[in-house]
Amino acid sequence: MNTVKIYTDGACSGNPGPGGWGAILQFPDRELEISGGELQTTNNRMELMAAISALEAVPIGYKVELFTDSKYVQNGITIWIKNWIKNNWRTADKKPVKNQELWLRLLQLVEKYQVTWCWVEGHSGHELNERADRLARSQCKK
């Protein structure tokens with residue numbers, strides 16, 4: 001089974017404010033850059049949209065290594081989501097989970113692929129993370 005490596009990032013000018021997301025998908029035979037944005041959003045929503053949009057661009061049948069600098073995304077999808085579901089989409093302090101509709105979209109996509117979630121430190125000189133960041137920032141519409 002072929003593997004695609006995905007590097008994602010989200011950005012927001014103000015939080016909330018205009019935001020953008022970017023992703024770089026490295027297939028065995030090609031590379032794809034995708035990005036988008038929203039006029040009024042949050043950084044966490046853009047981090048989620050980067051991962052969602054990237055996975056939506058992957059054909060079925062690939063294994064995925066997804067690199068993110070967002071602990072919110074990585075921990076949310078690998079650890080916290082199990083309890084959110086068990087607790088009817090409530091956090092440990094009984095508040096509604098923010099961005100539930102995006103978490104549900106991401107969960108549906110993750111079930112289609114074998115995804116390995118990898119964390120990279122943001123703004124630390126990692127070339128592909130920096131490129132994803134530039135893509136995300138370019139989409140912050142003012």
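Select arginine 105 first: leaving aside residues up to four places away in sequence, it touches Met49, Ile52 and Glu56, where contact means heavy atoms within 4.5 Å. This is a predicted model, in which local features need pLDDT of at least 70 and side-chain atom pairs count only at pLDDT 80 or more, while totals for chains, interfaces and linings use all residues. Residues are numbered from 1 along each chain as its sequence is written, and side-chain values use heavy atoms, with hydrogens and water left out.

Stay on arginine 105. Its side chain makes a polar contact with the side chain of glutamate 56, at 2.9 Å. A polar contact is a pair of N or O atoms within 3.5 Å; within protein, one must be able to donate a hydrogen and the other to accept it, and residues adjacent in sequence count only if both atoms are side-chain atoms. Arginine 105 is partly exposed because its relative accessibility is 32% (buried is under 20% relative accessible area, exposed over 50%, partly exposed in between; 1.4 Å probe, protein chains only).

Next, select helix H3 (100-110), where arginine 105 lies. Helices (H or I, at least four residues) and strands (E, at least two) are DSSP runs, numbered from the N terminus. The buried residues in H3 are Leu102, Trp103, Leu106, Leu107, Leu109 and Val110. They line one face of the helix, because seen down the axis of H3 they fall within an arc of 160 degrees, taken from the directions from the helix axis to the C-beta atoms. The buried residues of H3 pack against H1, H2 and E5.

Now show the largest nonpolar core, which has 35 residues; Ile6, Leu25, Leu55, Val64, Trp103, Leu106 and Trp117 have the most contacts inside it. Such a core is a set of buried Ala, Val, Leu, Ile, Met, Phe, Trp, Tyr and Cys residues joined through side-chain atoms within 4.5 Å. H1 gives the largest share of this core, eight residues. A second, separate core of eight residues includes Tyr7, Ile24, Phe67 and Cys118.

On H1, select serine 53. Serine 53 counts as buried because its relative accessibility is 10%.

Finish with cysteine 140, which is buried because its relative accessible area is 15%. Its sulfur is 6.4 Å from the closest cysteine sulfur, in cysteine 12, too far for a bond. Zero disulfides (pairs of cysteine sulfur atoms within 2.5 Å) are found in the whole structure.
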